Amino acid sequence: VPPAEAAQSGLWRYLSQLTGDKDSLERGHSKLGSDSANLKESVQDGVSSVGSFLEKLSPLGGGLQPPRLYEDPASLRKALRRELDSLRLQLSPYVDEVHRQVGRQLDELRQRLRPLTEELLDQASLRARELRRHLVPSREVAAQLLDGADELQRFAAHYGDKIAFHTEQVKDIFQPYAERLLSEIHRNVQELHRGVAPHARASPEQLNRHIQELSAKLTRNARDLHRQIQRNLEQLKAKLSLSPGGAAAAPGRSREALAREVQRRVEEFRRDTYAQIQAFTRALDQETEEMRLKLSARPEPPEGPLDAPPPPVEDLRARLD
């Protein structure tokens, strides 16, 4: 069998598989819902376009003999490029539909994780308010701060324990959120893999590699965020410490001055934690956008010089795939 005829018959068998099983198309329609109608129509239009393209090349299968086929390689190469460019334009609606399906799956991943980051922001504000309420000295301690070194030492011991207790309590409160965020990332990335698989233009091996890369990056970002929040609380505890140079170490320091110091340090904790949670959210958007480009786009093959010999016709099926 001539190579051109073998290539053409192989392509026709491939296209027959796309269009021959009406029952499979109907089952796909019921599974995908309303979106599948447009996708099916795009596929059928694309099949018609490929059929028209092959009709134009049909002389390669029998009407032209190999010696005539390569008499003018530059003209043949230009003709093939012109027809493939036309085919690419006609198939573009289907490619756009694949792009939209992949983008929709990644948008759903972002939307499922966003409530967790918003809840973390709410928790940062709530815990900052509680820390201010617990750590701002009451009016009763004003006399203790003015009664000399002995009273200050007793107050410092009690207040240091209070700072440690409440900051550790906030750490414990944030721990379940970190575990939940990691669990949701793992679960939703698995769902993303299942949802994207029918639409991704990457090979199964490439898809697995891309999904694992996304999961690793999001997991690392979530763990980094948890460590940053824990570090913020450690820094808050150190800055409010009543050791020499701490928030209320100076003898005779007024309650009002200590209250202002506590409020300032707690606000620093809230502001830093807010910024880190928002940075995690931006990184989530960036990582999913990069993944969308990887899963829905494929680089075009490099163009060779015009005077180079044309590619073998038997490679046409692989090129069109």
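What percentage of the 321 residues of the protein chain count as buried? The share is 37%, where buried means under 20% relative accessible area, exposed over 50%, and partly exposed in between (1.4 Å probe, protein chains only).

This is a predicted model, in which local features need pLDDT of at least 70 and side-chain atom pairs count only at pLDDT 80 or more, while totals for chains, interfaces and linings use all residues. Residues are numbered from 1 along each chain as its sequence is written, and side-chain values use heavy atoms, with hydrogens and water left out.

Start with the whole chain, coloured by pLDDT (the predictor's confidence in each residue, from 0 to 100). The mean is 74. The chain has 10 helices and 0 strands; helices (H or I, at least four residues) and strands (E, at least two) are DSSP runs, numbered from the N terminus.

Select helix α8 (residues 204–239), where confidence is highest at a mean of 92. Within it, Arg227 and Asp224 form a salt bridge at 2.4 Å, N to O; the term requires a side-chain nitrogen of Lys or Arg within 4 Å of a carboxyl oxygen of Asp or Glu.

Next, select Arg112 and Glu191, whose side chains form a salt bridge at 3.3 Å, N to O. Arg112 lies in helix α5 and Glu191 in helix α7, so the pair ties together parts 79 residues apart in sequence. Both belong to a salt-bridge network that also includes Arg104, Glu108, Glu184 and Arg187.

Move to helix α9 (residues 255–296) for Glu261 and Arg265, both buried.

Finish at residues 243–252, where pLDDT stays under 50. Where pLDDT is low, the predicted coordinates should not be read in detail.

How values were computed: Contact means heavy atoms within 4.5 Å.
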